[in-house]
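Here is a short note for someone opening this entry for the first time.

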Amino acid sequence: MFPPLKPWRVPGAAWVRRQLVADRLPATLLAAAVAGILGALATVAFRESLEFVQAWLGGAPAHGMVSLARGLAWWERLLLPASGGVVAGLILQWANTRLPRRGAGDYMEAIALGRGIVGLRQTLARSMASLSSISSGASIGREGPMVQLAAMLSSVLGRFLVLPPGHLRLLVACGATAGITAAYNAPIAGALFVSEIVYGAVSSATLVPLIVSSVAANMVTRQLLNYDAVYHMPAFDFVSGWEVLNYLGLGLLAGVTAPYYLALLDGAKQGFTRLVRPLWARLAAGGLVVGAISIGWPEVWGNGYSVVNSMLHQPWAWQAVAILLLMKIVATAGSVGSGAVGGIFTPTLFVGAAMGHLYGAALHGMLPAGSVSSVSSYAVVGMGALLAASTHAPLMSILMIFEMTLSYEAMLPLMLACVTGFVIARGLRPDSMYSRSLARNRRVQALLGARLPKGRED
C-alpha cells in the first residue's frame, strides 16, 4: 500500500483538490500547466545528466554520442557499451529484487490501464539504468526515460492531491505530453501522441488539458532555456504536383517495412531472453553487439540525431547510407532486445530517414534530372511515413514532421505517405509499436488483480 498523503497540511492544496474533483475547467488547466512545467524540467534534468556523463567519459564536452565514439580508441568503442550494459543490468536486477512494485512500471500502462499511479522508486531506478546504457552508447532513444520521469512527477503531484483515478490518469497524461513536447520541440504532436496512441481517440475533454501542458512545457524549454530543435530540417523541395505519386510509393515502402522492422525487434527480445541470463549479462551482450559494430561504424551510437541531420544537409553516397541503415537496425535490435531502458521512437525516425534517402536516390538514378525533389525531401517524408506505419498514429506523425519542417509544401506528400504507410502496415500487422506492450500489461494486470485482495492492486 502507498503511504497516505495529506494535502490539507499545505495551504491551498485541499482547495485545489476540491476544484479538480469537481471538474472545474480553470483548475484542470492550471494543474495541466503545472504538470507541463514539471515535465519540462524533468526532461532538461535528464538531458543535462546525459551530457555530464558523456563529457566525463570523453574527457571533454562531446557534441553527441557519435562525436564521443569517434574520439575513442577501437577497444574503448567495443567495451564501453558492454560496461554500461553491466551497470544498467545490475541496477535493474537490484530494483527488481529490492524495490516492491508499486503502481505501473510504464506511463502508458498507468494512463490506459491502471489508476494513474507511476512507481516513484522503480522509475528512478530505471532512469539510472537508462542513463548508464544511453551514455555508454546504446542504440536507443533518450526520450523514453524523459517522458517516464515527466509522467512520474505528475503522478506524484496527483497522489499528493489524493485525486481519484480518472483525474490522476489525466494529470499523468499531461506530464507525458510535456515530456514528449520538451524532448522533440513539437507541442502539437506531443499532445496528439498521448491522445492518439495512449488514449486511442482524440477527445476535447482530454485534448484541451494536454495542449495546455504541451504549451507550458514548450515555453520552458524553448523560450526560457533556449533549447533548440533536435532536427534542423532543410527547405522542402516539391517539384510538381505529379511528384506526389513518388511519395505514394514511399508510403507503400514504409508500410511494408514497418511490420518487419518491429518483428525483428520482437524477435531480438525473445532471443536475448531465451539465450542469455542473468539480466546484467543480457544487457552486456547487447552492449557488446553495439560495440562491435561501432568499431567500423561509430554512427550507430545513440539515437542518431547528428547522423540524420547530416543526411538532411550533406551529400551521402547511397552505398554508405545503405550499410549504415543495416548496421543501425542490428545495433538497435541488440540494445532493445537485451532489455536496455530507452525508447525506439527516435531510432525509428533514423531508419525512416535513411529509407527515404535511399528511395530518393533511386528515383534520381531512374528519372530525368529536374523531375525529382531533393533526396533530403524524401528523407523527411520517410521519417514520417515509417513513424506512422510503426505507431499506427498517422495524424501525430504528420503533425510531428510538419512541426519540425514548418513547411506547408511538405504537408501533401506527408499526408499521403503517412496514411498509406499506416493502412498497409496495419493490414500486415495489427499490432503497433506500443499496442502489443499495452496488451501484455493488460494481461499481467488481470492476473495480478485476480490474485491480490481487493484494495491491494498497487
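Does Pro298 count as buried or exposed? Point 1 takes this up.

1. Pro298. This is a predicted model. In it, Pro298 has a relative accessibility of 8%, under the 20% cut-off, so Pro298 counts as buried. Look for Pro298 in the loop between helix H12 (279–296) and helix H13 (305–313). Ala69 is 229 residues away along the chain, yet the C-alpha atoms of Pro298 and Ala69 are separated by 5.7 Å. Leaving aside residues up to four places away in sequence, Pro298 touches Val66, Ala69, Arg70 and Arg77.

2. Overall fold. The protein chain has 19 helices and zero strands. Along the principal axes, the C-alpha atoms fill a box of roughly 70 × 50 × 45 Å.

3. Of the 458 residues, 55% are buried. Take the contacts with a separation of 6 or more: 80% of them join residues 24 or more positions apart. The chain exposes about 19400 Å², and carbon and sulfur atoms supply 66% of that area.

4. The largest nonpolar core. This core has 119 residues. Tyr184, Phe193, Tyr231, Trp301, Phe345, Met396 and Met400 touch the most other members. Helix H16 (residues 375–391) gives the most to the core, with 10 residues.

5. Not counting residues up to four places away in sequence, Tyr184 touches Glu143, Val230, Tyr305, Phe345, Thr346, Leu349, Met400 and Met404.

6. Thr177. Thr177 lies in helix H8 (residues 165–184). Its relative accessible area is 0%, so Thr177 is buried. Which residues does Thr177 touch, not counting those up to four places away in sequence? They are Gly190, Ala191, Val194, Leu210 and Ser214.

7. Helix H6. H6 covers residues 120–135. Its 16 residues should span 22 Å at 1.5 Å a residue, and the end C-alpha atoms are 22 Å apart, which agrees. The buried residues of H6 include Gln122, Thr123, Ala125, Ser127 and Ala129. Ser130, Leu131, Ser132, Ser133, Ile134 and Ser135 are buried too. These buried residues pack against helix H2 (25–58), helix H3 (65–70), helix H4 (74–98), helix H7 (143–160) and H12. After H6 comes Gly137, with a positive phi near 110 degrees.

8. Helix H18. H18 covers residues 411–428. At 1.5 Å a residue, its 18 residues should span 26 Å; the end C-alpha atoms are 26 Å apart, which agrees. Its buried residues are Met411, Pro413, Leu414, Ala417, Cys418, Thr420, Gly421, Phe422 and Ala425. What covers them includes helix H11 (244–275), H16 and helix H17 (394–405).

Methods: Residues numbered from 1 in each chain as written. Predicted model: local features only at pLDDT ≥ 70, side-chain atom pairs only at ≥ 80, totals over all residues. Heavy atoms only, no water. Core = buried A, V, L, I, M, F, W, Y, C linked by side-chain atoms within 4.5 Å. Buried < 20%, exposed > 50% of the residue type's maximum accessible area, 1.4 Å probe, protein only. Helix = DSSP H or I, 4+ residues; strand = E, 2+ residues; numbered from the N terminus. Contact = heavy atoms within 4.5 Å. Areas by Shrake-Rupley, 256 points an atom, 1.4 Å probe, with all protein chains shown as cover. Expected span 1.5 Å × (residues − 1).
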